[in-house]
Amino acid sequence: MKRYKLAGVTEFEKSRLHHHLTRMAARGLVAREQDPVNSRGTLITLTIDGRTAVERAIPARERHIRRWLIDPLDRAQLDTLADISAHVTRCLREH
């Protein structure tokens, strides 16, 4: 299991993250449990309902990306975008 510090990954302030997770937990999308390694920490896991919600959202997300990012670009611009994306991905993996 990968562990992430959600506040850092999302760049949310602690209170904003708490409110989002509280709403998601109330909807059954995530579960909270005490971190057995860090008594001050909480583990957040995606529930089956949460995974289903993500999977249902993917087709609409793909349509939006195509409509607003891919379709307006010509072949040369798409190649440039691919080069930039590869560079950014390499930089992210190094950190």
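Mentor: Let's start with a word you'll need: a residue is called buried when its relative accessible area is under 20%. Keep in mind that we're looking at a predicted model.

Trainee: Okay, let me try it out. Is Asp-35 buried or exposed?

Mentor: Asp-35 counts as buried, because its relative accessibility is 8%. You'll find Asp-35 in the loop between strand S1 (30–34) and strand S2 (42–46). A polar atom of the Asp-35 side chain lies 3.4 Å from the backbone nitrogen of Asn-38.

Trainee: Now charges. How many salt bridges are there?

Mentor: General idea before the case: side chains of opposite charge can pair when their charged atoms come close. Here the count is 3 salt bridges. Take Arg-51 and Glu-55, whose closest N and O atoms are 3.0 Å apart.

Trainee: Why are Arg-51 and Glu-55 separated by about one helical turn?

Mentor: Because they are 4 residues apart in helix H3. Both ends of that pair are partly exposed: Arg-51 has a relative accessible area of 47%, and Glu-55 has 44%.

Trainee: Which residue forms a salt bridge with Arg-75?

Mentor: That's Asp-79, with the closest N and O atoms 3.7 Å apart. Asp-79 and Arg-75 both lie in helix H4, 4 residues apart, so again think of about one turn of the helix. Arg-75 is exposed at 57%, whereas Asp-79 is partly exposed at 39%. There's also a salt bridge between Asp-71 and Arg-66, at 3.5 Å.

Trainee: Last one: how do I read the length of a helix?

Mentor: Helix H4 (residues 75–94) has 20 residues and reaches 29 Å from first C-alpha to last, close to the expected 28 Å. At the start of H4, a side-chain oxygen of Asp-74 comes within 3.1 Å of the backbone nitrogen of Ala-76. Helix H2 (residues 14–26), with 13 residues, reaches 18 Å, close to the 18 Å expected. After H2 comes Gly-28, with a positive phi near 80 degrees.

How values were computed. Residues are numbered from 1 along each chain as its sequence is written. This is a predicted model: local features need pLDDT of at least 70, side-chain atom pairs count only at pLDDT 80 or more; totals for chains, interfaces and linings use all residues. Side-chain values use heavy atoms; hydrogens and water are left out. Helices (H or I, at least four residues) and strands (E, at least two) are DSSP runs, numbered from the N terminus. The expected span of a helix is 1.5 Å times one less than its number of residues. A polar contact is a pair of N or O atoms within 3.5 Å; within protein, one must be able to donate a hydrogen and the other to accept it, and residues adjacent in sequence count only if both atoms are side-chain atoms. Buried means under 20% relative accessible area, exposed over 50%, partly exposed in between (1.4 Å probe, protein chains only). A salt bridge is a side-chain nitrogen of Lys or Arg within 4 Å of a carboxyl oxygen of Asp or Glu.
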